[in-house]
Amino acid sequence: MPDEADLTGATPRRRPKPDVLEIGGRRLKPSTLMMGHGYDPALSEGALKPPIFLTSTFVFESAEAGKRHFEGVTGKRAGGAEGLVYSRFNGPNQEILEDRLGVWEDAEDALSFSSGMSAITTLLLTFVQPGDVVVHSGPLYAATETLIGRILGRFGVQWLDFPAGATEEEIAEVMERAKGMGRVPLVYLESPANPTNQLVDVQAVRRVRDSLFPDDPPPIAIDNTFLGPLWHHPLRHGADLSVYSLTKYAGGHSDLVAGGVVGAEALITPIRMMRNTMGTITDPNTAWMLLRSLETLELRMTRAGENAARVCEFLREHSKVESVGYLGFLSEGRQADIYRRHCTGAGSTFSLYLKGGEREAFAFLDSLKIAHLAVSLGGTETLASHPAGMTHLSVPDARKQALGITDNLVRISIGVEDADDLIADFDQALQAV
Ligand code: PLP
């Protein structure tokens with residue numbers, strides 16, 4: 001690729017195609033749009049489904065057209081490229097995927113990435129500079145904490161956090177302190193937090209951000225992997241960017257790794273430029289698989305959510321269970337208030353605290369016959385794992401205790417199997433404890 005394009009990293013975009021977004025004034029729902037939005041069969045020999053475009057580069061119609069695309073790519077002419085240029089920038093499968101990803105949160109623009117972590121890394125590198133202070137909610141997914149604390153820390157980036165359930169006053173206190181330490185480039189949230197399931201009051205974060213930074217507000221980005229894109233729409237509550245590990249519910253079959261960021265066009269554009277430079281875009285095959293997954297996203301998530309509600313009701317009553325950390329059981333207090341204001345469903349990932357410790361947790365996990373013993377979440381199949389001994393093994397004991405990651409904790413992600421079969425499985429595994 002010519003250096004010019006690499007340096008500017010600007011965006012090749014295809015021209016929008018005619019697309020049916022409403023009928024008789026009725027705006028079509030995401031589940032309908034997932035079948036065809038962003039894809040024009042006439043551009044692919046009439047194929048009902050988009051082919052997988054395995055190509056590293058795109059042929060220009062003429063030298064004049066190539067020059068015109070590059071004028072758009074390099075910013076010499078406004079509006080971006082009128083055609084595809086090179087596959088590190090974009091491709092048909094990725095563009096269709098991005099059009100559809102944006103639909104769920106009614107976002108202006110969207111980007112796809114090679115993993116959730118490459119999405120988060122590209123996002124952070126777009127906004128932070130040495131000396132900056134990233135304000136974030138805590139805890140974050142462990143690799144995100146490592147990235148902010150240890151990796152960006154090597155380049156002089158500082159951070160300050162507030163607990164996920166913090167009040168508006170507590171959030172304001174932390175943001176004010178951060179403002180005194182340096183430039184705040186980004187407010188980064190995760191809700192529900194992994195692994196505590198604690199919710200962040202996005203509306204309060206937005207009010208504090210707007211009042212403390214009236215002239216140059218730092219963007220609010222939020223990891224929406226656990227409840228998005230069906231049950232939590234943070235852009236409606238004041239976030240500017242919503243971040244996803246598409247590996248989880250969006251991919252939904254535990255057979256791919258990918259990430260996404262959706263939000264305001266003015267913020268997506270610089271992230272796209274960083275992605276163009278770094279090369280963190282998803283590949284065409286994964287983008288195609290995600291298109292297939294998105295067609296059933298609402299079906300899968302709805303069924304998983306209904307299953308989880310039934311399984312949690314069963315577990316809560318069981319004599320060998322100490323407690324169940326499930327959002328659907330929130331009834332009073334600040335978390336319940338945030339839940340009612342922000343979420344439309346409780347998800348299908350929860351914490352199960354057994355009576356006892358590691359021995360009981362392991363006996364339970366080793367006895368499961370339907371649920372698989374594996375980390376991750378959001379797939380069609382039910383998964384169970386032991387955070388203290390697996391995903392959070394290297395977390396210091398004091399922090400584990402503070403986060404409620406005790407030896408008797410089992411994390412469960414419910415899938416789309418038959419709910420009664422799952423209950424029978426959990427019942428027999430509890431009997432084995
Ligand atoms: N964010 C959250 C909340 C996660 O749970 C994960 C992975 O488990 C990630 C981000 C990272 O996603 P990926 O594994 O796709 O890089």
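In which loop is the place of Asp418? Asp418 sits in the loop between strand E14 (409-413) and helix H15 (419-431). Helices (H or I, at least four residues) and strands (E, at least two) are DSSP runs, numbered from the N terminus. Asp418 is partly exposed, with a relative accessible area of 36%. Buried means under 20% relative accessible area, exposed over 50%, and partly exposed in between (1.4 Å probe, protein chains only). The C-alpha atoms of Asp418 and Leu160 are separated by 44 Å, and the two residues are 258 residues apart along the chain.

The model is predicted: local features need pLDDT of at least 70, side-chain atom pairs count only at pLDDT 80 or more, and totals for chains, interfaces and linings use all residues. Residues are numbered from 1 along each chain as its sequence is written, and side-chain values use heavy atoms, with hydrogens and water left out.

The domain assignment gives domain 1 (95-294) and domain 2 (297-431). These bounds come from an automatic or database domain assignment. The C-alpha centres of domain 1 and domain 2 lie 25 Å apart. The contact (heavy atoms within 4.5 Å) takes 35 residues from domain 1 and 36 residues from domain 2.

Seven strands form an open sheet with mixed pairing, in the order E3-E9-E8-E7-E6-E4-E5. Two strands pair if DSSP finds at least two bridges between them. Strand E3 (109-113) and strand E5 (158-163) are the edge strands, and each pairs on one side only. On average, neighbouring strands of this sheet are turned by 20° against each other, direction ignored. Axes are lines fitted to C-alpha atoms, for helices over the stretch in contact, and angles run from 0 to 180 degrees between N-to-C directions.

Strand E6 (residues 187-190) runs parallel to strand E7 (residues 220-223), and four bridges join them. Leu189 has Ile222 as its bridge partner in E7. E4 and E6 also pair in the parallel sense, over two bridges. Val135 stands opposite Val187 in E6. Both faces of E6 are covered. Val187 and Leu189 on one side, and Tyr188 and Glu190 on the other, are all buried.

Helix H4 (residues 92-104) lies across E3 and strand E9 (259-263), at about 125° to E3. Helix H7 (residues 168-181) lies across strand E4 (133-138), E5 and E6, at about 170° to E5. In helix H6 (residues 142-151), the buried residues are Thr144, Leu147 and Ile148. They cover an arc of only 85° around the axis, so they lie on the same side of H6. The arc is that of the directions from the helix axis to the C-beta atoms. The cover over these residues of H6 includes helix H5 (116-127), E4, E5 and E6.

A second open sheet has five strands in the order E10-E11-E14-E13-E12, with mixed pairing. Its edge strands are strand E10 (321-325) and strand E12 (372-373), each pairing on one side only. E10 and strand E11 (residues 349-354) run antiparallel and are joined by four bridges. Val321 has Leu354 as its bridge partner in E11.

The largest nonpolar core has 60 residues. Such a core is a set of buried Ala, Val, Leu, Ile, Met, Phe, Trp, Tyr and Cys residues joined through side-chain atoms within 4.5 Å. Val324, Phe350, Leu352, Phe364, Val410, Ile412 and Phe426 have the most contacts inside it. Helix H11 (residues 297-317) gives the most to this core, with six residues. The core draws at least three residues from each of domain 1 and domain 2. Leaving aside neighbours within four places in sequence, the contacts of Phe426 include Val311, Phe314, Phe364 and Ile412.

Several loops carry backbone features. A cis peptide bond joins Asn194 and Pro195, with omega about 10°. Pro195 is in the loop between E6 and helix H8 (202-212). Another cis peptide bond joins Gly228 and Pro229, with omega about -5°. Pro229 is in the loop between E7 and strand E8 (241-245). Ser254, not a glycine, has a positive phi of about 55°. Ser254 lies in the loop between E8 and E9 and is partly exposed at 44% relative accessibility.
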